[in-house]
Amino acid sequence: TRGGGQPSLDLAQEQLKRATNDRTSSSIDPHRLDETLRTALEFYTTACAIEPTSSAYLGRGRARAMLGDLDRAEQDFTKAIEIAPTSSEAWYERASVRFERSLESSSLWDISDSSSQWRRLAVEDFQKATDVGLKGSQSLLAEAVIAWQTVGIERAYSKCTSSIWETASSEELHRFRGELFAAKGDYAPAQAALTRAIELRAHYPEALLTRALVRCKLGQHRD
């Protein structure tokens, strides 16, 4: 039988899917995208109140992360993990938020002490996600971040040059590739990777900013 919170969860998932699809379009109005995400957030919050499942908290965390509310997104992913500790998706999403927070004050180009704590926590979560069965392009990103933090940039770099990454459909993965290539001084492939990330998510200010820096290094000034 369907739980009491399932109707709200279904509506929330529909709105989140729409927002995920919309943000790949360069013509979408950012305000409309925010409205769709906030509608999803309302439905997820109702679902969490009626029937607090891992799926409800996971979805609400994703909506909050897409809205830029990383603090509360992390809290939701933590709750999802508490409810379903073998959920590779929940571990991965919390790892992604923590890794993003480590990039708020620096980038892979500038590994600062202020971000090291967040990166350590992100790596721990990526490792846990891998341990409980993370698959697909998400596992590629997790493995590369783990390698970069635990073995060194050269190992992560070698992973990022694998041809399997070229066909991946994760904008986060391509942004990481771009950051890593830039950190190595390989600006042409960095630009290509970041452009791919932007193609997958039109409204991606972090990737746009990094690509602008890369293009300055290449003597271009288009972003």
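**Figure 1. The whole chain, read from start to end.** Along the sequence, the chain runs α-α-α-α-α-α-α-α-α-α-α. That makes 11 helices and 0 strands, where helices (H or I, at least four residues) and strands (E, at least two) are DSSP runs, numbered from the N terminus. This is a predicted model, in which local features need pLDDT of at least 70 and side-chain atom pairs count only at pLDDT 80 or more, while totals for chains, interfaces and linings use all residues. Residues are numbered from 1 along each chain as its sequence is written, and side-chain values use heavy atoms, with hydrogens and water left out.

The C-alpha trace spans about 55 × 40 × 30 Å along its principal axes.

Figure 2. Of the 223 residues, 48% are buried; buried means under 20% relative accessible area, exposed over 50%, and partly exposed in between (1.4 Å probe, protein chains only). Among contacts with a separation of 6 or more, 56% join residues 24 or more positions apart, a contact being heavy atoms within 4.5 Å.

**Figure 3. Helix 1 meets helix 3.** Two packed helices are described by the angle between their axes and the distance between the axes. For helix 1 (residues 6-22) and helix 3 (residues 54-66), the axes come within 11 Å and cross at roughly 30 degrees. Axes are lines fitted to C-alpha atoms, for helices over the stretch in contact, and angles run from 0 to 180 degrees between N-to-C directions. The crossing of helix 1 and helix 3 is left-handed, meaning that the near helix is turned anticlockwise from the far one by less than a right angle (clockwise would be right-handed).

Look for Leu9, Leu16, Ala19 and Thr20 on helix 1, which make the contact with Ser55, Ala56, Gly59, Arg62, Ala63 and Met66 of helix 3. These residues divide into 6 nonpolar, 3 polar and 1 charged. In this count Ala, Val, Leu, Ile, Met, Phe, Trp, Tyr, Cys and Pro are nonpolar, Asp, Glu, Lys and Arg are charged, and the others, Gly among them, are polar.

**Figure 4. Ser8 in helix 1.** Ser8 is part of helix 1 and is buried, with a relative accessibility of 12%. Beyond its neighbours within four places in sequence, Ser8 is in contact with Phe43, Thr46 and Ala47. Between the C-alpha atoms of Ser8 and Thr45, 37 residues apart along the chain, the separation is 8.7 Å.

**Figure 5. Pro85 in a loop.** Find Pro85 between helix 4 (70-83) and helix 5 (88-102), in the loop. Pro85 is partly exposed, at 44% relative accessible area. Not counting residues up to four places away in sequence, Pro85 touches Trp91 and Val132. The C-alpha atoms of Pro85 and Val132 are 8.9 Å apart.

**Figure 6. His174 in helix 9.** His174 sits in helix 9 (residues 171-183) and is buried, with 1% relative accessibility. Leaving out residues up to four places away in sequence, His174 touches Trp165, Glu166, Ala168, Ala193, Leu194, Arg196, Ala197 and Leu200.
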